Amino acid sequence: MSKPMSHLDNIPSTPGKFKMEKSPFVHNRLRWHSSLAKLAFWSFIFLGLILIFFFRSPPSNPLPQDPSRRSLRTYNWGGPAWEKRVRSSARARSRNGISVLVTGAAGFVARQALLERSGVFIVEGDINDSPLLKKLFEVVAFSHVMHLAAQAGVRYAMENPSSYVHSNIAGLVSLLEICKSANPQPAIVWASSSSVYGLNTKVPFSEKDRTDQPASLYAATKKAGEEIAHTYNHIYGLSLTGLRFFTVYGPWGRPDMAYFFFTRDILKGKSIPIFEAANHGTVARDFTYIDDIVKGCLAALDTAEKSTGNGGKKKGPAQLRVYNLGNTSPVPVSDLVSILERVLKVNAKREIMKLPRNGDVQFTHANISLARRELGYKPSTDLQTGLKKFVRWYLSYYSCGEKAAS
Ligand SMILES: O=C(O)[C@H]1O[C@H](OP(=O)(O)OP(=O)(O)OC[C@H]2O[C@@H](n3ccc(=O)[nH]c3=O)[C@H](O)[C@@H]2O)[C@H](O)[C@@H](O)[C@H]1O
């Protein structure tokens, strides 16, 4: 507590880099935030024990100046004790329980520290490590994979393009290769992105709309993932469900996202760059709260049908699905800043800037009829409520709570 904000300063703003889990403010780490508590709770109740595959993607060209990256190569796995831990973590508690291999525990939607505390074994590794994936499937017959590991972020793709290819394309193929050969094959639910709609101008975005005009390499890799999913479904009978997340935000979120660093910079008195389209056009996002996204993920797992293949051979047609998981109410970025000002009780220094050509699109807006009908998905958190929850978490996590959120 002696150095408020210093921890935040240490977190790289780019998503591809190591995200520090160890807060110096231990009491804050021990506090369960509702969304994560719910995730862990549902994991236990409905899914049996989940094994989390802790994914961190090492860069194709390691950056020598980044020590956190170097440390990623030192993870160990294997051996009887390790296998025992994997097995016991994945053991379903109820007879009809399912065992889910979750990738991406280093990220926002699945959180390593909290899940570890509830007894879930975290395996540290890279989804491109095929022998590790193969071993996991040898040890446990996973019925499902919740694949959240990815390189996220639209703008960072211009800085580190290969990390997107490595994680979102090569990593996905490596995972699907193991899944297709597994016996039984698992059903797979994975994170796609609203960015696949790219330059599409028809709103709200429906799953039937065109997705062949990506505006960023990130979007292109997620779109490629959807096509790859089609291939593995077609050839091998893998059951695959892609979820197009719309700008997910909330407590424990990603520091490279606008709502997160706007909060940090408003509190620091730094100026906030607010993008504007040509002719003072509004830039807006269908911001979606983390708890709603988690509910959508669980519903997708619950409704996933079994894969039909066996030992790499298709035995019949298998389920292939794509759903929008959005909030259905786009909010201009300037309104997002106004909400943050009210909640933080601090005026922002606004700097209106032309929308850079860096992969950003002008707006997103989800049509969620399909997810509502087939998954029972019904987002219930508006941006104001969600940002209040985020700010409350933020102030508590970084112990700069003088200006407490109302
Ligand atoms: O739905 C997705 O598929 C993606 O959602 C998210 O991307 P975005 O919607 O672009 O979120 P985010 O960067 O927070 O920018 C929010 C808004 O602030 C504007 N923005 C941004 C930066 C800035 O300096 N100024 C600004 O106005 C900016 O123009 C935008 O309008 C995820 O990061 C991405 O991983 C992916 O999942």
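**Close-up views of a predicted model**

**View 1. Packing of helix α7 on helix α8.** Helix α7 (residues 130–139) and helix α8 (residues 161–181) pack with their axes 10 Å apart and at an angle of about 35°, where axes are lines fitted to C-alpha atoms over the stretch in contact and angles run from 0 to 180 degrees between N-to-C directions. Helices (H or I, at least four residues) and strands (E, at least two) are DSSP runs, numbered from the N terminus. S130, L133, K134 and F137 of α7 make the contact with S174, L175, E177 and I178 of α8, contact being C-beta atoms, placed from the backbone, within 7 Å. This is a predicted model, in which local features need pLDDT of at least 70 and side-chain atom pairs count only at pLDDT 80 or more, whereas totals for chains, interfaces and linings use all residues. Residues are numbered from 1 along each chain as its sequence is written.

**View 2. The buried face of α10.** In α10 (258–268), the residues A258, Y259, F262, T263, I266 and L267 are buried (20 or more other C-beta atoms within 10 Å of the residue's own, all placed from the backbone). Seen down the axis of α10, these buried residues fall within an arc of 155°, so they line one face of the helix. They pack against β7 (248–249), β8, α12 (333–344) and α14 (383–397), and just after α10, G269 takes a positive phi of about 80°.

**View 3. The shell around the ligand.** Of the 19 residues around the ligand, A152, S193, M257, A258 and F275 come nearest, a residue counting as near if its C-beta atom, placed from the backbone, lies within 6 Å. The largest share of this shell, three residues, comes from β8.

How values were computed
A residue is buried if 20 or more other C-beta atoms lie within 10 Å of its own, exposed if 12 or fewer, and partly exposed in between; C-beta atoms are placed from the backbone. The arc is that of the directions from the helix axis to the C-beta atoms. Two residues are in contact if their C-beta atoms, placed from the backbone, lie within 7 Å.
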